[in-house]
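The sequence and structure come first.

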Amino acid sequence: MNCDLQALANVDTADPDQAMALLQECTQALESPELWLWTIAFTIVGAVVGGLIGRRKKTVMRDVILGAALGPIGWIISLCLPAPKPAPACPACKQEVAVGDRHCRHCGAALTPSRAGGRGLG
Ligand SMILES: [Zn+2]
């Protein structure tokens with residue numbers, strides 16, 4: 001018995017042994033090393049191409065995961081997603097500050113709303 005639609009159409013549903021034999025035949029396809037090699041190769045290629053797409057936007061990790069999980073669909077999603085906004089920087093010391101901070105956590109300089117991202121600072 002082969003694992004194909006012809007065997008599925010001809011299986012005697014009243015005979016559990018026949019149905020079980022067909023199920024066993026079909027699950028043996030999962031044990032094929034060739035199938036796993038193709039799966040692993042496809043995942044690696046997806047991750048590498050995703051990383052190359054992410055390098056431009058500096059979102060390598062996000063795009064590696066998308067490419068590995070979804071393949072070409074992940075690449076398209078990576079290309080469509082916007083690059084994240086750069087974190088705001090302190091005008092005095094140029095260190096990175098959090099959006100919404102009123103004072104720089106590195107030098108204590110007061111941050112104006114526009115320089116700090118303008119969110120949550122009325
Ligand atoms: Zn500062």
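In α3, Thr-43, Gly-46, Ala-47, Gly-50, Gly-51, Ile-53, Gly-54, Arg-55 and Lys-57 meet Val-60, Arg-62, Asp-63, Val-64, Gly-67 and Ala-68 of α4, where contact means heavy atoms within 4.5 Å. By class, these residues are five nonpolar, six polar and four charged. Gly counts as polar. The model is predicted: local features need pLDDT of at least 70 and side-chain atom pairs pLDDT 80 or more, while totals for chains, interfaces and linings use all residues. Residues are numbered from 1 along each chain as its sequence is written, and side-chain values use heavy atoms, without hydrogens and water.

**Helix packing**
- Helix α3 (residues 33–57) packs on α4 at an angle of about 150°, with the axes 7 Å apart.
- α3 is therefore roughly antiparallel to α4, a term for angles over 145 degrees.
- α4 and helix α5 (residues 72–80) also pack at about 150°, with axes 6 Å apart.
- This makes α4 roughly antiparallel to α5.
- Arg-62, Asp-63, Leu-66, Gly-67 and Leu-70 of α4 meet Pro-72, Ile-73, Gly-74, Trp-75, Ile-77 and Ser-78 of α5.
- The contact of α4 with α5 has six nonpolar, three polar and two charged residues.

**Asp-63**
- Asp-63 lies in helix α4 (residues 60–70).
- Its relative accessible area is 0%, so Asp-63 is buried (under 20% relative accessible area, 1.4 Å probe, protein chains only).
- Beyond its neighbours within four places in sequence, Asp-63 contacts Gly-50, Gly-51, Ile-53, Gly-54 and Ser-78.

Terms used: Helix = DSSP H or I, 4+ residues; strand = E, 2+ residues; numbered from the N terminus. Buried < 20%, exposed > 50% of the residue type's maximum accessible area, 1.4 Å probe, protein only. Axes fitted to C-alpha atoms, helices over the stretch in contact; angles between N-to-C directions. Parallel < 35°, antiparallel > 145°, perpendicular 65-115°, else oblique.
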